Amino acid sequence: MATNTSFQLFSSSNDKPNLGLGFLESSEPQLPPPPPPVEVLSSEVSSSVKYTVEPVNLDGLTLLKGRVSTKEVLGLPNSDLVPGIYEGGLKLWEGSLDLVKALRSEIQNGCLSFEGKRVLELGCGHGLPGIFACLESAAEVHFQDFNAEVLRCLTIPNVNANLLEKAKPETVSEVRFFAGDWGAIHQLLPHARESEINLTSSSEHGQASAYDVILMAETIYSISVQRNLYGLIKKCMNQPNGVVYLAGKKHYFGVGGGTRQFLSMLEKEVHNTVVKA
């Protein structure tokens, strides 16, 4: 593990410039106020929405991915996202699959261990990276998505299906689920601070309640949300040994975000952050 805060960036295997979000203008419209943050209990899993499951093979590792109807869950037509209302959590994005592959490679190469770690997956959707952390003996894995309905109808059933299938009884992780906007969700996350920390600082303040590993895929498509995302990371990350694993495209056409733009922002703001592309 690195001795200072680290961002690991992985480009999607199908790194095309368009995410299917071309209907969004580069100057994004004003969004409605986000829903208040809530914790969604595992017992709140939806029983009224049809959930089907199928296997997905990730270079020899088989996980289960769920499928639900966007119209049935949210009353919306099948769409990648509706800004400020639905942020795409019901779709399985390529970056999520690529992130699992990258995490597996990191473990095989001796660069990463989840054992005993506190893990947070941001923008989880199906939750496959977080599920992988559970299977690799993480102590705690917390899943966050913008929409509570995504957690109830997809994430929780998907976590249950995978862990029931593969988890070892002696290494069961504590899993919890949180819904809300990145600007406010820190109010509920058990291992987040109220204020941001300087990622270049060597202070040990608050480290007993920080996340060791933060996972996220396809979360930086929009420039407008990146400040809140980065602020949340600074409130959640273990300092100085925390690490963020991020998978995304170099550029998202029509929205302006991407790994290149996010990396540029990081380099301007955090001079001591280790960023590996």
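This is a predicted model: local features need pLDDT of at least 70, side-chain atom pairs count only at pLDDT 80 or more; totals for chains, interfaces and linings use all residues.
Q: Which residues of α6 are met by α5?
A: Helix α5 passes α6 in a right-handed crossing. From α5, the residues taking part are Ile-223, Gln-226, Arg-227, Tyr-230 and Lys-234. Their counterparts in α6 are Gln-261, Phe-262, Met-265, Leu-266 and Glu-269.

Q: Is Lys-235 buried or exposed?
A: Lys-235 lies in helix α5. Apart from neighbours within four places in sequence, Lys-235 is in contact with His-186, His-191, Ala-192, Arg-193, Glu-194, Ser-195 and Glu-196. A residue counts as buried under 20% relative accessible area. The value for Lys-235 is 13%, so this residue is buried.

Q: How is α3 oriented relative to α4?
A: Helix α3 (residues 128–135) and helix α4 (residues 148–166) pack at an angle of about 30°, and their axes are 10 Å apart. Because the limit for this class is 35 degrees, α3 is, relative to α4, roughly parallel.

Q: Which residues of α4 make the contact with α3?
A: The crossing of α3 past α4 is right-handed. On the α3 side, the contact is made by Leu-128, Ile-131, Cys-134 and Leu-135. On the α4 side, it is made by Asn-158, Val-159, Asn-162, Leu-163 and Lys-166.

Q: How many residues has the largest nonpolar core?
A: In soluble globular proteins, nonpolar side chains tend to be buried together. Among the residues with the most contacts inside the largest core is Phe-114, which touches residues including Leu-103, Val-119, Val-213 and Leu-215. A second, separate core of 24 residues includes Phe-178, Tyr-211, Ile-220 and Tyr-252. The number of residues in the largest nonpolar core is 35.

Q: Which residue in β4 is the bridge partner of Val-56?
A: Strand β3 (residues 52–58) pairs with β4 in the antiparallel sense over seven bridges. The two strands form a hairpin with two residues between them, and Asp-59 in the turn has a positive phi of about 55°. Strand β4 (residues 61–67) is mostly covered, with five of its seven residues buried. Within β4, the bridge partner of Val-56 is Leu-63.

Key: Residues are numbered from 1 along each chain as its sequence is written. Side-chain values use heavy atoms; hydrogens and water are left out. Buried means under 20% relative accessible area, exposed over 50%, partly exposed in between (1.4 Å probe, protein chains only). Helices (H or I, at least four residues) and strands (E, at least two) are DSSP runs, numbered from the N terminus. Two strands pair if DSSP finds at least two bridges between them. A nonpolar core is a set of buried Ala, Val, Leu, Ile, Met, Phe, Trp, Tyr and Cys residues joined through side-chain atoms within 4.5 Å. Contact means heavy atoms within 4.5 Å. Axes are lines fitted to C-alpha atoms, for helices over the stretch in contact, and angles run from 0 to 180 degrees between N-to-C directions. Angles under 35 degrees count as roughly parallel, over 145 as roughly antiparallel, 65 to 115 as roughly perpendicular and the rest as oblique. A crossing is left-handed if the near helix is turned anticlockwise from the far one by less than a right angle, and right-handed if clockwise.
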